Amino acid sequence: MKKIGLIGGMGPVSTVDYYQQLVTKFQQSHPNACPPIVIDSLDVFKLLTLEEMRDRHSLIQILLASLNNLKKAGASFAALTANTPHMVFDELTAVSPLPLISIIDSTLAAIKKNRQRNIGLLGTKMTMELGFYQKKLQSAGINLVTPSAEQINTIHQIISEELEVGIVTAQSKQKLLEIIKKMSSKSNLEGIILGCTELPLILGQKDISITVYDTVSIHVNDILNTALQD
């Protein structure tokens with residue numbers, strides 16, 4: 001089995017979720033065993049600052065250094081445990097010492113499998129505004145709907161000030177559900193992407209009537225599939 005490399009800490013709570021899901025799902029077919037995983041944990045708040053500043057060069061350099069650490073630790077391939085850093089995924093792939101598994105490609109494959117064409121996106125302000133999700137999905141004929149400017153600010157605040165530090169409240173959950181309800185009603189959505197790896201901490205399929213694309217769970221499945229390939 002290939003050794004899995006994770007760039008973690010983006011944020012710490014979702015990195016724990018990645019690790020737990022990788023182990024649990026692996027053990028469903030390989031009881032009494034654990035997958036080989038190496039994690040290089042970064043400072044989510046430093047990265048968020050660079051992302052908000054649109055400092056792509058510095059962001060790439062930090063992620064590249066992390067990938068080099070993973071390679072030295074014996075990883076066969078790697079994944080970024082967050083959606084927002086995928087804003088530089090193409091540039092990073094071009095210089096990466098390891099093959100990378102894209103959370104956006106994984107999510108797109110899940111949407112195409114369901115044959116859905118009208119999808120909403122929640123995430124950080126950068127994920128919702130910078131267009132890297134839109135570019136990928138629209139190239140596959142999928143219409144991607146983002147919230148209003150006011151809603152974007154609300155979602156980003158909940159993620160950056162609460163979920164990133166493990167705070168989950170019923171009040172914030174209700175705010176997010178209201179935003180999804182309004183988006184779905186206005187745009188006749190078939191599904192919603194939880195495009196931040198902290199969002200599954202507060203939202204799930206049981207809370208929402210349309211299809212929920214949990215990017216952590218989807219990404220974990222592809223990471224495991226890659227690790228188990230000959």
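**Close-up views of a predicted model**

**View 1. The largest pocket of the model.** The largest pocket holds about 260 Å³ of space. A pocket is an open set of points on a 1 Å grid over the protein atoms alone, with protein on both sides within 12 Å along at least five of seven lines, whereas a cavity is a set of points where a 1.4 Å probe fits but cannot get out; lining residues have an atom within 4 Å of a point. A volume is the space filled by probe spheres set on the points, which are joined across faces, edges and corners. The structure is a predicted model, in which local features need pLDDT of at least 70 and side-chain atom pairs count only at pLDDT 80 or more, while totals for chains, interfaces and linings use all residues. Residues are numbered from 1 along each chain as its sequence is written, and side-chain values use heavy atoms, with hydrogens and water left out.

The pocket is lined by 13 residues, and His86, Asp90, Phe132, Lys135 and Lys136 lie nearest its centre. Helix H4 (89-95), helix H5 (103-114) and helix H7 (132-138) each give two or more residues to this lining. Helices (H or I, at least four residues) and strands (E, at least two) are DSSP runs, numbered from the N terminus. Six charged, four nonpolar and three polar residues make up the pocket lining. Nonpolar denotes Ala, Val, Leu, Ile, Met, Phe, Trp, Tyr, Cys and Pro, charged denotes Asp, Glu, Lys and Arg, and polar the others, Gly among them.

**View 2. The largest cavity.** One cavity of 30 Å³ or more is counted. The volume of the largest cavity is about 100 Å³. Its lining comprises 15 residues, with Met10, Ala82, Thr84, Pro85 and Glu164 nearest the centre. Seven of the lining residues are nonpolar, five polar and three charged.

**View 3. Contact of H8 with H9.** Gln151, Thr154, Ile155 and Ile158 in H8 meet Ser172, Lys175, Leu176, Ile179, Lys182 and Met183 in H9. Contact means heavy atoms within 4.5 Å. These residues divide into five nonpolar, three polar and two charged.

**View 4. Ser184 and Asn188.** Ser184 is in helix H9 and is buried, with a relative accessible area of 17%. Asn188, in the loop between H9 and strand E6 (191-194), is exposed at 61%. Buried means under 20% relative accessible area, exposed over 50%, and partly exposed in between (1.4 Å probe, protein chains only). Not counting residues up to four places away in sequence, Ser184 touches Leu189 and Ile210, and Asn188 touches Asn118 and Met183.
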